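Subject: Structure handover

Hello,

Here is the structure I promised to pass on. Please open it first, then read on with the model in view.

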Amino acid sequence: MTVRGKAVAALLAGFTLLAGACADAVAPAASGASASTSPAPTQLDLAKEHIKHVIFIVQENRSFDQYFGTYPGANGIPMKNGQPTVCVPDPVLGRCVRPYHSSNLVNLAGPHTQPRSVEDVDGGKMDGFIRSAIDSHIRCAEASQRFTATCAQYLGPGKQPDVMGWHDAREIPNYWAYAEHFVLQDHMFAPSDSWTLPSHLFLVSGWSATCSDTTDPMSCTSDLQLKDASKIQRGGQEPLYAWTDITYLLNVFGVSWAYYIGQGTCLTDPCPHASGQYTVAQQDPLPGFRTVRQDHQLKNVLGHPAYFQAAADGTLPSVSWVMPYVGVGEHPPDSIAPGQAFVTKIVNAAMNGPDWNSTAIFLTWDDWGGFYDHVVPPKVDVNGYGIRTPGLLISPWAKAGTIDHQTLSFDAYLKLIEDLFLGGQRLNPKTDGRPDSRPTVRENVKILGDLLDEFDFTQQPLPPLILDPHPSPGPASVPGS
């Protein structure tokens, strides 16, 4: 038997022993014990009964305050009498700049690397966003460009960079409709204070690292910057990531999964195939995992047409991830409108299909994109968390119209997958049958909330909310309401 085969056998044997022990522990003390004393089903029991499909849609580069900073009841931009009470210093204008409503569908945003996250947070002051844009020479942030005709369309009313701009239902009516009808998460933090690739590595594996030996999981060390672009590009061609990802456990437990991308993956930046609906390599990291290749699971990385077909046929896998292609990811300077249309089509497909009543869709954005947010990210380990991003649950079993204030991150997605489909097994090198050198089992961090709290399995299932992918603007929000 191979080393991997022995590890899998040991893992499954451990679960068999655990199941037996649990059965002994709950056996009735007397043969006459009444069936009426059986414990009521737990929330997890009900979730396993009702949720058979989870879908994770991950867009790009938006902060919570930028999309939902004025959503009623949410922990949004601090306001008094309808005016923001917070401001961020602008070294060019020589004054403090407050958040403002932006009607622009095209934003320039700011830098979003790990050093710039540190600068934005500024030790908890959350006031480095404009300075960071200037320091990184972001277009229209420097003094020489502030008053040009080209930049005028992107700047705020006071000539400030648009990192301070916020949107509401006038620009993103469908996202606000999902929040109104389902669940909005106002403490969803990016898993690390860095950019797209680390976030997506955390999404599927709970870690971002560099491995000195790509065949040895114990050789990997935390890395939030991942500066070697050549390795990122090669990730679609050869295994770079030696540590364990969640698909390894899904494969061991026989749980179906698919990772849906565009027509292919761009292995260079900028993408030469933008018109061909290709997904950037940073949003398609699974082919770079050695486990995926060893388990012959590359076939589960599929194009969007396969998702729409599975949704229509009622053959969605247990776990799905859906990534945008270039131009619809909402990554500045892409327009918001095509991204919202793409997401709406993905959601509509699930709602129109026969699997809707057993589905939970989670929508989020991979990092803050340099946009302002006022909440200080909690520190859970050397790698995170990062600045807040929007998060939504869309499901017939969602607690309709509620706001979840729990502290969440992409780790909560892994935790949900593990609880629903893997018997609670974590990506834990001590117990998952494949040791690696990760510093933290992120799903077990005490501050992390539980997504199961967002469901009500006693209610009548909510009907589909089929929306126009190209909607008319919604109503203006009332700041501070």
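Below is what I found, going from the whole chain down to single residues.

**Overall**

This is a predicted model. The protein chain has 481 residues, and 59% of them count as buried. It holds 14 helices and 18 strands. Take the contacts between residues at least 6 apart in sequence: 81% of them join residues at least 24 apart. The accessible surface comes to about 18,400 Å². Carbon and sulfur atoms account for 56% of that surface.

**Two helix pairs**

Two packed helices are described by the angle between their axes and the distance between the axes.

Start with helix H7 (residues 173-181) and helix H13 (residues 336-352). Their axes come within 9 Å and cross at roughly 40°. H7 and H13 are therefore oblique to each other. On the H7 side, the contact uses Pro173, Asn174, Tyr175 and Tyr178. H13 meets them with Gly339, Gln340, Val343, Thr344 and Val347. By type, the residues of this H7 and H13 contact are 5 nonpolar, 4 polar and no charged.

Next, look at helix H8 (residues 196-205) and helix H14 (residues 410-421). Here the axes come within 8 Å, with a crossing angle of roughly 20°. H8 and H14 are therefore roughly parallel to each other. The crossing of H8 past H14 is right-handed. H8 brings Ser199, Phe202, Leu203, Val204 and Ser205 to the contact. H14 brings Phe410, Asp411, Tyr413 and Leu414. The residues of the contact of H8 with H14 comprise 6 nonpolar, 2 polar and 1 charged.

**Helix H4**

Which residues of helix H4 (residues 114-121) are buried? They are Gln114, Ser117, Glu119, Asp120 and Val121. The buried residues of H4 pack against helix H5 (129-135).

Ser117 is worth a click. It lies in H4 and has a relative accessible area of 2%, so it is buried. Leaving out residues up to four places away in sequence, Ser117 touches Asp193, Trp368 and Ile387.

Just after H4 comes Asp122, with a positive phi of about 50°.

**Other positive phi values**

Asn61 is not a glycine, yet its phi is positive, at about 60°. Asn61 sits in the loop between strand E1 (53-59) and helix H3 (64-68). With a relative accessible area of 1%, Asn61 is buried.

Ala109 is another residue other than glycine with a positive phi, near 65°. Find Ala109 in the loop between strand E6 (100-101) and H4. Ala109 is buried as well, with a relative accessible area of 5%.

**Cis peptide bonds**

The bond from Pro332 to Pro333 is cis, with omega near 10°. Pro333 belongs to the loop between strand E15 (319-322) and H13.

Gly384 and Tyr385 are also joined by a cis peptide bond, with omega about 10°. Tyr385 is in the loop between strand E16 (359-365) and strand E17 (391-394).

**An exposed glycine**

Is Gly254 buried or exposed? Gly254 is exposed, with a relative accessible area of 66%. Look for Gly254 in the loop between helix H10 (246-252) and strand E11 (257-261). Gly254 and Phe421 are 167 residues apart along the chain, and their C-alpha atoms are separated by 9.4 Å.

Best wishes

Notes: Residues are numbered from 1 along each chain as its sequence is written. This is a predicted model: local features need pLDDT of at least 70, side-chain atom pairs count only at pLDDT 80 or more; totals for chains, interfaces and linings use all residues. Side-chain values use heavy atoms; hydrogens and water are left out. Axes are lines fitted to C-alpha atoms, for helices over the stretch in contact, and angles run from 0 to 180 degrees between N-to-C directions. Helices (H or I, at least four residues) and strands (E, at least two) are DSSP runs, numbered from the N terminus. Angles under 35 degrees count as roughly parallel, over 145 as roughly antiparallel, 65 to 115 as roughly perpendicular and the rest as oblique. Contact means heavy atoms within 4.5 Å. Ala, Val, Leu, Ile, Met, Phe, Trp, Tyr, Cys and Pro count as nonpolar, Asp, Glu, Lys and Arg as charged, and the others, Gly among them, as polar. A crossing is left-handed if the near helix is turned anticlockwise from the far one by less than a right angle, and right-handed if clockwise. Buried means under 20% relative accessible area, exposed over 50%, partly exposed in between (1.4 Å probe, protein chains only). Accessible areas come from the Shrake-Rupley method with a 1.4 Å probe; for residues, only the protein chains shown count as cover.
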